Amino acid sequence: MSGSLSTGVNKPVDGNLVDPAAIQSEKAAQDLWTRAIDHLRGRLSRHTFQTYFEPIKPVSLEGGELTLAHSSKFMIDWVRDNLLDVLLQDLEAQYGSKCTVKFIVRERPGPDEAAEAPPIPESRPPITNPPPSDPPPSRQLQINPKYTFESFVVGPSNQFAVAACTAVANAPGKAYNPLFLYGGVGLGKTHLVHAVGNHALKQNPNCHVVYLSSEAFTNDLIHALEQHRMPEFRARYREKCDILLLDDIQFLSNKKQTMEEFFHTFNALHEGGKQIFVTSDKLPTEIEGFEERLRSRFQWGLIADIQPPEVETRVAILKKKATTDHIALPDDVALFLGTHIRSNVRELEGSLIRLAAFASLTGAALTVELAQDVLKNILVVRGDKPDVTAIIKVVAEAMQVKPQDILGDRRQQNIARARQVAMYLTRKITSLSYPVIGEKFGGKDHSTVINAEQRIEELMGEDPELSRIVESLLRRLNG
Ligand code: ADP
Ligand code: MG
């Protein structure tokens, strides 16, 4: 990282002035960025804008190259993959001639910069840096007011969980104690934990709700031990707590001392008639490295599961989310997304945001075709391995032939080549045998598949262009 990263005014450092050229270039970058982004702001939903653009910091502008910094590599990749064209258009319009964009990952300001850097905006995405050396005594997290029962869509996959959570929120410590909620990632466990907290607080604003992840609990314990503040720790989780919401309890596994402390916390709360609500990605009996006595405690109350939502629920979730975010989502697009994105709700929401951002930036209408186009990578690699149809589709598109041609018998060179590439990739990606692949490629003989595989292997040694295409397809199909 260069000195030009500091985002301050011309301040003396050790009696010397900061390099004026760097300041100039940083100021120019800020100027250009502010203008471009002002224009973008009006065209994007507030959420998209805040998530993707606001946290970006202009760093320098030199010879038409604008350097932008963001703390998250993931976000940078996302903006680059989805929004770079539109962004460049905007920048060039403001800059008045061609420009390029360079992204850098910038962590929190270093010690030198800290004094000069402006405060980190609230909207910045969570930072995964190590905690500061002297953290606040309590790492209790805020309850998110957006995660309520009202904003949670109920369907057959989650109605049992919702009923259990509602009962607990209405009568903490009385209905089911403890409540143990388990289910796969992105299915709404954390949402329900917050919903219980929100609901209980609404009913009784004086209620002490303590919400945290089990990692935070572990860290808090470590700090309390280090700083000889165990009495405060115990007060926080035992006396000053009416409802303990502990998210992702599986992270306690193999942490002996934390489990020990949690065991005593549990007992104290339970004896005092205080509610305990924990979530996990597994059943108590399936969490490895978990103490038996804790496991058996969880059997005292109710164990509820949450399953992946059915397509109707997925569509309903999309519609609700679209309404909240002011996205005009046509029914057929909602159905398309709900049908194709199945693994979890987080991914479902992500795809909607991505699609809406793309549509509003490019001015394109939100249609099924656009959805297909924007989400093709996700749709193909949706978690599990792509099947033959998906492979053929991707190859056909990349090599500009029709999927039917790949399945057919025409020997025109570009078609034959695409067919060979698709067969080669099918061998690489799936575990299907030659005869089965032949069968799936429109009933071809297994020797055709073997030949295709050998031919592509040879060609990849001779033809760098083909080799590049095949490798990029392979990467894409493998996610
Ligand atoms: P988990 O904790 O199980 O990994 P989260 O609670 O973080 O999952 O849910 C992921 C995202 O999906 C959140 O934004 C949440 O609001 C949303 N979500 C999950 N299930 C539903 C649902 N049934 N209705 C509305 N939103 C949901
Ligand atoms: Mg969660």
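Predicted model: local features only at pLDDT ≥ 70, side-chain atom pairs only at ≥ 80, totals over all residues.
Reader: Which polar backbone atoms lie 2.6 Å and 3.0 Å from an oxygen atom of ligand 1?

Author: A polar backbone atom of Gly186 is 2.6 Å from an oxygen atom of the ligand, and for Gly188 a backbone N or O atom lies 3.0 Å from an oxygen atom of ligand 1. Gly186 also belongs to the residues that come nearest among the 17 around ligand 1, together with Thr190, His191, Arg346 and Glu349.

Reader: Why is helix 5 called roughly parallel to helix 6?

Author: The axes of helix 5 (residues 159-170) and helix 6 (residues 189-203) come within 8 Å and cross at roughly 30°. Angles under 35 degrees count as roughly parallel, and therefore helix 5 is roughly parallel to helix 6. Their crossing is right-handed.

Reader: Which residues of helix 5 and helix 6 meet, and how do they divide by class?

Author: From helix 5, Ala161, Val162, Cys165, Val168, Ala169 and Asn170 meet Leu192, Val196, His199, Ala200 and Gln203 of helix 6. By class, this contact of helix 5 with helix 6 has eight nonpolar, three polar and no charged residues.

Reader: How do you know whether helix 7 is roughly parallel or roughly perpendicular to helix 9?

Author: Helix 7 (residues 214-226) and helix 9 (residues 256-271) have axes that come within 10 Å and cross at roughly 95°. Because angles of 65 to 115 degrees count as roughly perpendicular, helix 7 is roughly perpendicular to helix 9. The contact joins Phe217, Thr218, Leu221 and Leu225 of helix 7 with Gln257, Thr258, Glu261, Phe262 and Thr265 of helix 9. Its residues are four nonpolar, four polar and one charged.

Reader: What residues make the contact of helix 18 with helix 21?

Author: Arg417, Val421, Tyr424, Leu425, Lys428 and Ile429 of helix 18 meet Leu466, Val470, Leu473, Leu474 and Leu477 of helix 21. These residues divide into nine nonpolar, no polar and two charged.

Terms used
Residues numbered from 1 in each chain as written. Chains lettered and ligands numbered in written order. Heavy atoms only, no water. Axes fitted to C-alpha atoms, helices over the stretch in contact; angles between N-to-C directions. Helix = DSSP H or I, 4+ residues; strand = E, 2+ residues; numbered from the N terminus. Parallel < 35°, antiparallel > 145°, perpendicular 65-115°, else oblique. Left-handed = near helix turned anticlockwise from the far one by under 90°. Contact = heavy atoms within 4.5 Å. Nonpolar A, V, L, I, M, F, W, Y, C, P; charged D, E, K, R; others polar. Near = heavy atom within 4 Å. Polar contact = N/O pair within 3.5 Å; in protein donor to acceptor, adjacent residues only side chain to side chain.
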